[in-house]
Amino acid sequence: MVKIVSKKVKRLYRSKKEKIIAGVCGGLGDYLNLDPVVIRLAWAMVTIFTGVFPGITAYLIAWAIMPER
């Protein structure tokens, strides 16, 4: 007898509930089981300490490629 086990695949989506600008940090928080505020603070720190442009560019790319739930 063969058992078929199906796993629920965890997918990364932009959040509709935890949304300030586009829901990217809220979606990452849901995916990583972290508070979205922690993700936002980390993203803000990285953006500030890398000269603003890389953080904003990464956010815009994430906004463009992450589907909305």
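View 1. Helices are DSSP runs (H or I, at least four residues), numbered from the N terminus. A word on the model: it is predicted, so local features need pLDDT of at least 70 and side-chain atom pairs count only at pLDDT 80 or more, while totals for chains, interfaces and linings use all residues. Residues are numbered from 1 along each chain as its sequence is written, and side-chain values use heavy atoms, with hydrogens and water left out.

**View 2. H3 has a buried side and an exposed face.** Which residues of H3 are buried? They are Gly-55, Tyr-59 and Ala-62. These three cover an arc of only 65° around the axis, which puts them on the same side of H3. (The arc is taken from the directions from the helix axis to the C-beta atoms.) An α-helix has 3.6 residues a turn, so residues three or four places apart point the same way. The face turned away from the buried side carries exposed Phe-53, Ala-64 and Ile-65. Buried means under 20% relative accessible area, exposed over 50%, and partly exposed in between, with a 1.4 Å probe and protein chains only. H1 and H2 are among what covers the buried residues of H3.

**View 3. Eight residues make up the largest nonpolar core.** They are Ala-22, Val-24, Cys-25, Leu-28, Ile-39, Tyr-59, Ala-62 and Met-66. Helix H1 (24–32) and helix H3 (53–65) are the elements that give two or more residues to this core, and H1 gives the most, with three. A nonpolar core here is a set of buried Ala, Val, Leu, Ile, Met, Phe, Trp, Tyr and Cys residues joined through side-chain atoms within 4.5 Å. Not counting residues up to four places away in sequence, Ala-22 touches Arg-14, Ser-15, Tyr-59 and Trp-63; contact means heavy atoms within 4.5 Å.

**View 4. Trp-43, Tyr-59 and Trp-63 form one aromatic cluster.** The whole structure has two aromatic pairs. Trp-43 and Tyr-59 pair edge-to-face, at 5.5 Å centre to centre with 85° between the planes. That pair links distant parts of the chain, with Trp-43 in helix H2 and Tyr-59 in helix H3, 16 residues apart. Tyr-59 and Trp-63 have ring centres 6.5 Å apart and planes at 70°, so this pair is edge-to-face. Both lie in H3, four residues apart, about one turn of the helix. Tyr-59 is buried at 13% relative accessible area, while Trp-63 is partly exposed at 36%. Rings of Phe, Tyr and Trp (its six-membered ring) pair if their centres lie within 6.5 Å; planes under 30 degrees apart count as stacked, over 60 as edge-to-face and the rest as tilted.

**View 5. Val-52 has a positive phi in the loop between H2 and H3.** Its phi is about 70° although Val-52 is not a glycine, and its relative accessibility of 41% makes it partly exposed. Thr-47, in helix H2, touches Val-52, Gly-55 and Ile-56, not counting residues up to four places away in sequence. Is Thr-47 buried or exposed? Thr-47 is buried, with a relative accessible area of 13%.
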